[in-house]
Protein chains: 2
Amino acid sequence: MIERLADSDLHALVEEFFRSSFSTDNPLITEAVRRMLAAGGKRLRPRLTLLAAESCGGTAREHLELAAYMELIHVATLIHDDVVDQAATRRGVNSTATDFGNRVSVLAGDYLFAWIFKNVTARYDPPIPHILSATLAAICDGEVLQLRAMGRLDLTIDEYTDVVAKKTASLFAASAECGAHAVGAGPASVDALRTFGTEYGIAFQMIDDLLDMTADETTVGKPVGNDLRERKVTIPLIFALQSGDAHLRDDVRAFFADGDERREAIARIATGIQQSGALTATRTAVAEHAERAVAALAPLAGGPARAELERLAKALTLA
Amino acid sequence: MIERLADSDLHALVEEFFRSSFSTDNPLITEAVRRMLAAGGKRLRPRLTLLAAESCGGTAREHLELAAYMELIHVATLIHDDVVDQAATRRGVNSTATDFGNRVSVLAGDYLFAWIFKNVTARYDPPIPHILSATLAAICDGEVLQLRAMGRLDLTIDEYTDVVAKKTASLFAASAECGAHAVGAGPASVDALRTFGTEYGIAFQMIDDLLDMTADETTVGKPVGNDLRERKVTIPLIFALQSGDAHLRDDVRAFFADGDERREAIARIATGIQQSGALTATRTAVAEHAERAVAALAPLAGGPARAELERLAKALTLA
């Protein structure tokens, strides 16, 4: 009989794996990564890998290392993001760039990417090494596209979705897909889990955008209105701009143009976005992607792991 | 009969390959990399790959793509180095960080690493993908070690050599080794070429250190005394400090401590290093590593490619 694990057990297993098994040849880099891991995080990407492996008949415990690489790719991109965004904090504690400086942070991120690929190419058969390097390329491509889209009030939902599919959803897709490959699942299961990851990831990013408008600092661990301050064109903003409120559009254009970072300006724009109905429209879009994620699982056999994946997707609609 | 190519032909082939075949999915990143490639460079790493392939019985033309990846790994590290070092220029033209900003530069370097691994994992059999990712890890490890060694007047030759073996020689070693693997060479030839690359790379870095003390800006495309300004402890400086000149030691310590960047201070220290005999000692060390590089080739059959590798190593002793 295949051992089944509750979701809380998966989280504990991943944490224990990091505590006991993560180390690199370079002590400074190991320390930087350990601090980033200690700052928390929901470990959703490794969770998808383990649940994907279980939903295809495997055992989570046997794929902890592969799952950990998914989180470490995420951590490496966060280390570089904090350099790129000049972020002082991450998850409520000092960013790597703050504690170690930009120089070490750039190199630590590079080293971590290389260390992951070094291990993955040594331990996993094709196509896993290729999927992970293609995923990292997609993430960077998406981030460059996002930089170029900053402040663009004419950004369409399709353009937004293309950026998000690359910068965020690609790693969720790879996490789920690799879990299936690791247990030798067939193409139908692999495709199902890849699509699940993509749709889940898009919905996840949309919720992240939404929380930037609605949650308080203690909940999300970063300042509210942060996306606006960085001139990121997020999904609630796109819906709000499409609602035809000319006053709001002028307000946002002026805010993006003059770098006005006063809290009042952000609060006024946030209120305008709320009044436009954009938050409801965002929740509807999230629900659509979450439904597609759940529907994608149809080819898989039923069972606790598949049920847990469904629950994770549905949980996004409750945010 | 195996086709043999003159060294100038190899350079032209690599250039032509970049012009005709290099492109990524992201136009901004493609442009950044093309500019870096257009700025020049001796293409020594791809040259080692092609000569290694030929010296093991292969044909250079058939391995241009693999050779190009060696140069592209180098280019990606340079893009990040210029962010880390806040360098305004590279090879006499604007650095990527200057033209595109640090944000795009960090992401462009990441994308390029990922793009290389994506292609390498799709097109080359083990152990080539693993060698390249392990090499990138070694380069980053070496660069972090170098950052930590900055300003350390007690750095030993062994510590210096460890840093250089990682940050510089590892890619030369991989370039030569992968050329051998690509043509299915046996372990003796693979080891011979790897050792050649390591020794060549160490000698190459020592010459680079030497030129920082002796060459003028137009020759090396960067300011003379740049290493001193960055508080890098290079091989001529180590030899000079070991020569026992207390005055020079105090001078260097003061220079490193107070960030004095006046040309007079650099000129005075450079003169002190020259008078200590450190440049001659550096040339002797270069000659030793170049000799080991040549000696390492003994297991290979004679022929034009091996002769050209020997010529490249000996050329370092003439700098």
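How many helices and strands does chain A have? Chain A has 15 helices and two strands, counted as DSSP runs of H or I with at least four residues for helices and of E with at least two for strands, numbered from the N terminus.

Some housekeeping. This is a predicted model, where local features need pLDDT of at least 70 and side-chain atom pairs count only at pLDDT 80 or more, while totals for chains, interfaces and linings use all residues. Residues are numbered from 1 along each chain as its sequence is written, with chains lettered from A and ligands numbered from 1 in the order in which they are written.

Now the overall form of chain A. The C-alpha trace spans about 60 × 45 × 30 Å along its principal axes. Of the 319 residues of chain A, 50% count as buried, meaning that 20 or more other C-beta atoms, placed from the backbone, lie within 10 Å of the residue's own.

Next, the contact with chain B. Chain A puts in 32 residues and chain B 32 residues; two residues are in contact if their C-beta atoms, placed from the backbone, lie within 7 Å. On the side of chain A that touches chain B, α2 (27-38), α4 (64-84), α5 (96-123) and α6 (128-149) each supply at least two residues. The most comes from α5(A), with 13 residues.

One residue to look at is Y111(A). Leaving aside neighbours within four places in sequence, Y111(A) is in contact with T24(A), N26(A) and I29(A), and also with A137(B), C140(B), D141(B) and V144(B).

Last, separation in sequence. In chain A, 72% of the contacts with a separation of 6 or more are between residues 24 or more positions apart.

Note on methods. A residue is buried if 20 or more other C-beta atoms lie within 10 Å of its own, exposed if 12 or fewer, and partly exposed in between; C-beta atoms are placed from the backbone.
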